[in-house]
Structures are given as C-alpha cells and as structure tokens.
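Q: I would like to go through this structure with you, one topic at a time. Could you take my questions as they come?

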Amino acid sequence: MEFINQNILLISIVVVSGLGLIWPMLTRTAANQVGAAAATQLINREAAIVIDVRNPDEFAAGHLPDALNIPLDKLAERVGEIEKYKEKPVILCCAAGMRSGKGCAELAKLGFSRVHSLAEGVDGWVGAGYPIKKGGKK
C-alpha cells in the first residue's frame with residue numbers, strides 16, 4: 001500500500017495509458033467503415049451494391065447514384081431483395097453514418113459477409129465532392 005501511495009502519479013499514468021490502448025477495441029462497432037474514395041473503389045472494382053437505409057423522403061432529397069432504398073426499419077423484412085449479394089460487398093449509407101452502422105450489424109447477423117458502412121454517410125459523400133442523384137424511389 002505504501003508503494004501505491006508513493007507512486008500514485010506513475011500508477012495513474014500507467015492506467016490511463018492502458019485505457020487509451022484498449023479504448024478502440026471497446027468502442028469498435030460491427031460495421032466496417034469505408035470512406036467515399038474506398039466506397040467508390042468497391043463500387044467500380046467489385047460491383048458493390050449500395051443500400052441507402054434512410055426513409056424514402058430523405059432518399060428522394062439526394063442519394064448515391066444507383067443506390068437501393070431500403071429503410072433501416074424494413075431491412076430485415078426486405079432482405080430477400082438483396083439475398084443474392086451475400087458474398088459481394090454491400091455498402092450501407094444514411095445521412096451521417098449512425099443508421100448504416102446498425103444496418104451493417106443486422107446484415108452481418110443475417111449472413112452477409114462483406115458489409116460496410118459509408119463513413120460520415122451521404123453528408124460525407126457530398127462533402128468529398130462526389131455526385132448524388134435527386135428524386136426517384138428506387
């Protein structure tokens with residue numbers, strides 16, 4: 001106990017450093033995030049499918065080209081529409097990346113092996129200068 005009292009600062013530094021090292025493992029989500037450039041490569045090189053998990057009104061306001069709109073709350077019941085993509089890359093997107101992360105976890109549970117969440121969502125896509133399409137409820 002005397003050692004601890006005499007070296008409290010040193011022990012505190014060790015504990016904080018240890019927490020800093022394991023924090024990323026504790027906060028990791030099931031979603032494998034990809035940025036706009038990496039998503040474009042997956043789309044162009046591996047024919048990845050893009051699924052927009054926002055509601056239809058948000059989708060119509062602006063979405064990634066060729067994206068399929070399946071709202072997050074309908075994803076499990078509409079999984080049959082994308083069943084053939086279980087072994088292909090699937091990129092989920094939403095406005096900022098939160099809902100797509102949840103969707104990735106759901107698809108992973110349903111057996112999809114290569115699911116990705118678009119980092120920062122459609123907002124990040126637009127911010128990076130990539131095009132979007134408006135209208136249409138594909």
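Q: How do strand β2 and β4 pair, and over how many bridges?
A: In this predicted model, strand β2 (residues 49-52) pairs with β4 in the parallel sense, over four bridges. Two strands are said to pair if DSSP finds at least two bridges between them. Helices (H or I, at least four residues) and strands (E, at least two) are DSSP runs, numbered from the N terminus.

Q: Which residues are the bridge partners in β4 of Val50 and Ile49?
A: Val50 has Ile91 as its bridge partner in β4, and Ile49 has Val90.

Q: What joins β4 to β5?
A: Three bridges join β4 to β5, and these two strands run parallel. Leu92 stands opposite Ser117 in β5.

Q: What is the handedness of the unit that β4, α5 and β5 make?
A: The β-α-β unit made by β4, α5 and β5 is right-handed. A crossover has that hand if, with the strands pointing away from the viewer, the path from the first strand over the helix to the second runs clockwise.

Q: What is the order of the strands in the sheet?
A: The sheet is open and has five strands in the order β1-β5-β4-β2-β3, with parallel pairing. Its edge strands are β1 (32-34) and β3 (68-69), each of which pairs on one side only. In general, strands of a sheet pair through backbone hydrogen bonds, either parallel or antiparallel.

Q: Back to β4: are its faces covered or open?
A: Both faces of β4 (residues 90-93) are covered. Val90 and Leu92 on one side, and Ile91 and Cys93 on the other, are all buried. Buried means under 20% relative accessible area, exposed means over 50%, and partly exposed lies in between (1.4 Å probe, protein chains only).

Q: Before we go on, what are the ground rules for numbering and confidence?
A: Residues are numbered from 1 along each chain as its sequence is written, and side-chain values use heavy atoms, with hydrogens and water left out. As this is a predicted model, local features need pLDDT of at least 70 and side-chain atom pairs count only at pLDDT 80 or more, whereas totals for chains, interfaces and linings use all residues.

Q: Now helix α3. Which of its residues are buried?
A: The buried residues of α3 are Ala36, Ala39, Thr40 and Leu42. Seen down the axis of α3, they fall within an arc of 160 degrees, so they line one face of the helix. The arc is that of the directions from the helix axis to the C-beta atoms.

Q: And what does the face turned away from the buried side carry?
A: That face of α3 carries the exposed residues Asn44 and Arg45.

Q: How many salt bridges does the structure hold?
A: The structure holds five salt bridges. The term denotes a side-chain nitrogen of Lys or Arg within 4 Å of a carboxyl oxygen of Asp or Glu.

Q: Which residue does Glu46 pair with?
A: Glu46 forms a salt bridge with Arg114, with the closest N and O atoms 2.5 Å apart. The pair links distant parts of the chain, 68 residues apart: Glu46 is in helix α3 (residues 36-46), and Arg114 is in the loop between α5 (98-109) and β5 (115-118). Glu46 counts as partly exposed because its relative accessibility is 35%, and Arg114, at 30%, is also partly exposed.

Q: What about Asp52, buried or exposed?
A: Asp52 is buried, and so is Arg54. These two residues form a salt bridge, the closest N and O atoms being 2.7 Å apart.

Q: And which residue does Lys86 meet in a salt bridge?
A: The side chain of Lys86 meets that of Glu83, at 3.0 Å from N to O. Lys86 is partly exposed at 23% relative accessibility, and Glu83 is partly exposed at 36%. Lys86 also lies over the face of Phe112, at 5.9 Å from the ring centre. A charge sits over a ring if NZ of Lys or CZ of Arg is within 6 Å of the ring centre and within 35 degrees of the ring normal.

Q: Last topic: where is Ala47 found, and what is its phi?
A: Ala47 is found in the loop between α3 and β2. Its phi is near 55 degrees, a positive value in a residue other than glycine.
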